Amino acid sequence: MLKFLQPGSAFRNNAKRVVQTCRLMVGIHDYDAYLLHMREHHPEIEPKNRDEFYRYCLEARFPGAGKISKCPC
């Protein structure tokens, strides 16, 4: 593997931050960052699983999106 692509390299860390920023710009939250936050700041609380987390984020962004009567647009 090329040295700059190895885990922990500055290039790879910066690339990960760019991808995370782009995802946040379009409303896709980072589950791994959520887990890290929960471990560091709320160790007594059981974190949501991946599906619950994305459902929670969708509901926070588009309230009522799961209901057929409302359009998230």
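**Exercise 1. The fold**

How many helices and strands are there in the protein? Work out the order along the sequence too.

*Solution.* Start with the ground rules: this is a predicted model, where local features need pLDDT of at least 70, side-chain atom pairs count only at pLDDT 80 or more, and totals for chains, interfaces and linings use all residues. Residues are numbered from 1 along each chain as its sequence is written, and side-chain values use heavy atoms, with hydrogens and water left out.

Step 1: count the elements. The protein has three helices and zero strands. Helices (H or I, at least four residues) and strands (E, at least two) are DSSP runs, numbered from the N terminus.

Step 2: read along the sequence. The pattern comes out as α-α-α.

Step 3: check the burial. Of the 73 residues, 11% count as buried, where buried means under 20% relative accessible area, exposed over 50%, and partly exposed in between (1.4 Å probe, protein chains only).

**Exercise 2. The aromatic pairs**

*Solution.* Step 1: get the members.

Step 1: count the pairs. The structure holds four aromatic pairs. Rings of Phe, Tyr and Trp (its six-membered ring) pair if their centres lie within 6.5 Å; planes under 30 degrees apart count as stacked, over 60 as edge-to-face and the rest as tilted.

Step 2: take Tyr 31 and Tyr 34. Their ring centres are 5.9 Å apart and the planes sit at 35°, so this pair is tilted. The two tyrosines are three residues apart in helix 2 (residues 31-41), which puts about one helical turn between them. Both Tyr 31 and Tyr 34 are buried.

Step 3: move on to Tyr 34 and Phe 53. This pair is stacked, with 4.6 Å centre to centre and 25° between the planes. Tyr 34 belongs to helix 2 and Phe 53 to helix 3 (residues 50-61), so the pair ties together parts that are 19 residues apart in sequence.

Step 4: look at a charge and a ring. Lys 48 has its charged end over the ring of Tyr 56, 4.9 Å from the centre. The rule for this is NZ of Lys or CZ of Arg within 6 Å of the ring centre and within 35 degrees of the ring normal.

**Exercise 3. The largest pocket**

Which helix gives the most to the lining of the largest pocket? Describe the lining as well.

*Solution.* Helix 1 gives the most, with four residues. Helix 1 (10-25), helix 2 and helix 3 each supply at least two residues.

Step 1: Among the lining residues are Lys 16, Arg 23, Ile 28, Asp 30, Tyr 31 and Tyr 54. A pocket, on a 1 Å grid over the protein atoms alone, is an open set of points where a 1.4 Å probe fits, with protein on both sides within 12 Å along at least five of seven lines; lining residues have an atom within 4 Å of a point. The lining divides into four nonpolar, two polar and five charged residues. Here Ala, Val, Leu, Ile, Met, Phe, Trp, Tyr, Cys and Pro count as nonpolar, Asp, Glu, Lys and Arg as charged, and the others, Gly among them, as polar.

**Exercise 4. Single residues**

Where is the place of His 42, and what does its side chain contact?

*Solution.* Step 1: His 42 is in the loop between helix 2 and helix 3. At 27% relative accessibility, His 42 counts as partly exposed. Its side chain makes a polar contact with the side chain of His 37 (3.3 Å). A polar contact is a pair of N or O atoms within 3.5 Å; within protein, one must be able to donate a hydrogen and the other to accept it, and residues adjacent in sequence count only if both atoms are side-chain atoms.

Step 1: Ser 9 sits in the segment before helix 1 and is buried, at 14% relative accessible area.

Step 2: Cys 57 lies in helix 3 and is buried, at 11%.
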